[in-house]
Structure formats: structure tokens, C-alpha cells
Amino acid sequence: MVKTCQKCHGYSDNYDEAKLKRCSGCQKVYYCSTSCQKHDWVCHIFDCKPRRPINTADYLALAVYQNLLPEHPQTCEDYGFNRAPTGEEKSKLLGLYIGLVKYREISPKTIHGWRVRGVLVNEIKAAFYKIPERARGGYFPWFLQNEHIVALAGQPLPEKVLHDRNDAMVVCAWRFMGGSERDSVETIRAAIERMPAEEQKCHALYALLLSKWHPSPYLNLWIDFGFASCTSQEEEMALGSAYRRLINLCTFKEFCDAYRGDRLLDLFRSKGVQVDDSRGHLQDLLHAGWRKSVWDLKQSIAQEDSSKVESDMAPSVTVDYGFMNCRNDSERRQLKRVYKAVFDSPDGDPLALHEAAIKGNLHGYLSKVVKGLKNPKFKRLMKNPYPLPDL
């Protein structure tokens, strides 16, 4: 039985061998119908391990075939979704890319090249001008009136635009919670500041979810609401979607009470919303009652992976995971690369890593997951004060 592509759906044992196709990411064989043959299929669409790096055009293509607005932050920045001021215009922009990728059959590889060379707007026009005017659909004329959204993609938004959008998110969440539509932004912000800290966090999560976003590693909400348990952007998007279903089925008070009482997973179950927690990581984050330092470590590594700049580490991370032993920036970077490899590996387990840390066995555990740690330097770097002596 051969797995078929995202467009063909599912699996098939009735296929024409002449139409078998290799994934351009991992080189595994899949079956595609004739209409799919021109696509540059990539591994994340097939849920398999890539041989080439996944770029933001691939995430754009995935959004196209799922018919959903992209939630991958860099994709939204690269292809103009951050600059579309309303949900309606974001949907029109997605419609434009659907026409480009799905119907014009322009590959993610080609679109990525257009963006990198700075010719995305001109090439979009060229692609659509090849179609008879009556067959171009309604999104291309909209694009011609709003091409600045794509032309300025990747450039910082003006401060006022960011401020206005943030206000709009705050107001949207407030009204969704049951707040008065007559309340001004100033009144709403003052009311939020008077809320208990847990309710402020829940409001912030609602503001993101209702704007079709989910917390990024730059926000503590990423850990607070379990997104650190995810192993990929796709898993984070799925968890965000589950939260959106949940908040439409419960009151804000129910949600806050569950969060405050470490019962969010129970609330998901009681409302019939499925979440994947086969590894038990979400359970650990949402029901543990206290936060293990391994999640702070993962957040710090994820922040640097996204921004390419140094991130601050919590003191507990510095002690628990050996960074206090680093003699220079080079050793610090090497140790971070080891932990990044663990979090990226299918064999890496944050809970097992935490267990190894509190037992003083970091090097023993890491050597089983990451290759190349025989150098005695790594044993020195991975020492910590554990296990603590019995009192």
C-alpha cells in the first residue's frame, strides 16, 4: 500500500506505477494523480523526515492545501500575512496563493526563489497575466489594488500599526469573554490590569487564538499553556486549533478556573476536544503543578533557533544543565547545540533529559541520543550538583 499526496489523500493499493513520484524532501516514493505531477512535493506535507531544509514557501504550500491561514510566524512575515490588516484580507491573500500554488501549479521551490530574489510581486503578476482575464478569479484584482502587502513583506511594521493591531486583539478577546462592546481600549486595559495574574494570561492567550495565532517561544504562554510539549510547528498549530475549539465550548471563567487549578486537560476531555498527548509532555506541563527546568531550557534553545541571537537563561537552567561550567562563549554554544540536537531528535525526550539532570547523569543520557560526545570536555560541561545528598 502506497501513501498518496496531500491532494490525492490517504493510501492506495490501486495505483499506476508510471505515476509514482519521489518526495523532493526525503526521496520516499508516493503516488500522485496526474494533476499532482508538476508539484514540488516536500517532506512535511507527507509527514516524513526531510533531506533538504524546509523553507517558508513549503509552509505556505501546506496552508494552501489545508485551505487554512498559515500560522507559522516566519511564513506569515515572508508572504505578507502580517501586513494584511483584517481577517478578510488575510483570506484574500491566501486565495491568491491558492490560485498560484494549487491551480497555476507553481512549486514552493520556485516561489521561495522569487521571494529570495525580491521579484515575488512581479512574478505573481506574470503568472496571472498568462491566464485569460475572465479566468483569473477575484483575488488577483484585489492583489493589484493591495500589492504593497506582499511588496513590503518582511519589513518591520510601523509602530502605530503594531499598536493599533494589538489594541484590536485586546478588544476582540475582551468582547469574546463577555465584556461590553461600549468599553474603550483604555477601560479594557485598566480592567485587565486589575485581573489576577492567571486571568491576565488567559486573556492574552484568547487574544492570540482569536487572531488565528498561538504563543511563540518568545512568550511565557508557550510554556504556560503547553506549546513547549510540541515537537514541530505543525503540532503547535494543531494544539492552537484545539484551544480555539475549547474556548468556543466553555466560558472564560471555566477556562481560567481550569488553568488555575492545573485541570486544563480535564476541561479538554469534558468538552470532547481531542488533544494528542501520547508522550505525556502536555500532561506534565499542564497538570504538574510546578515547572521543570527542562522546559525553560527548551524555550531558550527555541528562541535562539528562531532569532539567531543569544537568549537569557534562567538560573535553574544554568545550574541544572551545565552552563555554569562553560569557560567561554564557544563552549556555551557547543553545549547549546547538543541540547538543540536532543530536542530535534525523535529519540530525544525532555522528561528523560530532566530525569538525567536530577540524577547527575547528563552525559550518560545525552551520549545515547547525540553522537560525538566522547571528548572529555563534554563530561566536564555536563556536570551539575546532582544528585543532592539526603538530609
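Predicted model: local features only at pLDDT ≥ 70, side-chain atom pairs only at ≥ 80, totals over all residues.
The largest nonpolar core takes in 69 residues, and the residues with the most contacts inside it are Tyr243, Phe255, Tyr339 and Leu353. Helix H11, which spans residues 197–210, supplies the largest share of this core, at six residues. There is also a second, separate core, this one of 29 residues, with Leu60, Tyr97, Ile111 and Trp142 among them.

Leaving aside residues up to four places away in sequence, Leu353 touches Val294, Leu297, Tyr321, Tyr339, Val342, Phe343, Leu362, Tyr365 and Leu366. One of these partners, Tyr339, is itself on the list of residues with the most contacts inside the core.

Ala341 sits in helix H19, which runs over residues 329–344. Ala341 and Val369 are 28 residues apart along the chain, and their C-alpha atoms are separated by 8.4 Å.

Turning to the fold as a whole, the secondary structure comes to 22 helices and four strands. The protein has 391 residues, of which 47% count as buried. As for contacts between residues at least 6 apart in sequence, 55% of them join residues at least 24 apart.

Next comes the second largest pocket, which holds about 290 Å³ of space. Its lining is made up of 17 residues, and those lying nearest the centre are Asp224, Tyr259, Asp262, Leu285 and Gly289. Two or more lining residues come from each of helix H12 (221–224), helix H14 (252–260) and helix H16 (281–287). Of these, H16 gives the most, with four residues. By type, the lining of this pocket divides into eight nonpolar, seven charged and two polar residues.

Finally, a word on confidence. The mean pLDDT of the protein is 85, and 84% of its residues reach 70 or more. Two stretches call for a mention here. Over residues 1–13, pLDDT stays under 50, and the model has 41 contacts beyond four places in sequence for them.

How values were computed
Residues numbered from 1 in each chain as written. Heavy atoms only, no water. 1 Å grid on protein atoms, 1.4 Å probe; cavity = no way out; pocket = protein on both sides within 12 Å on 5 of 7 lines; lining within 4 Å. Points joined across faces, edges and corners; volume = space filled by probe spheres on them. Nonpolar A, V, L, I, M, F, W, Y, C, P; charged D, E, K, R; others polar. pLDDT = per-residue confidence, 0-100. Contact = heavy atoms within 4.5 Å. Core = buried A, V, L, I, M, F, W, Y, C linked by side-chain atoms within 4.5 Å. Buried < 20%, exposed > 50% of the residue type's maximum accessible area, 1.4 Å probe, protein only.
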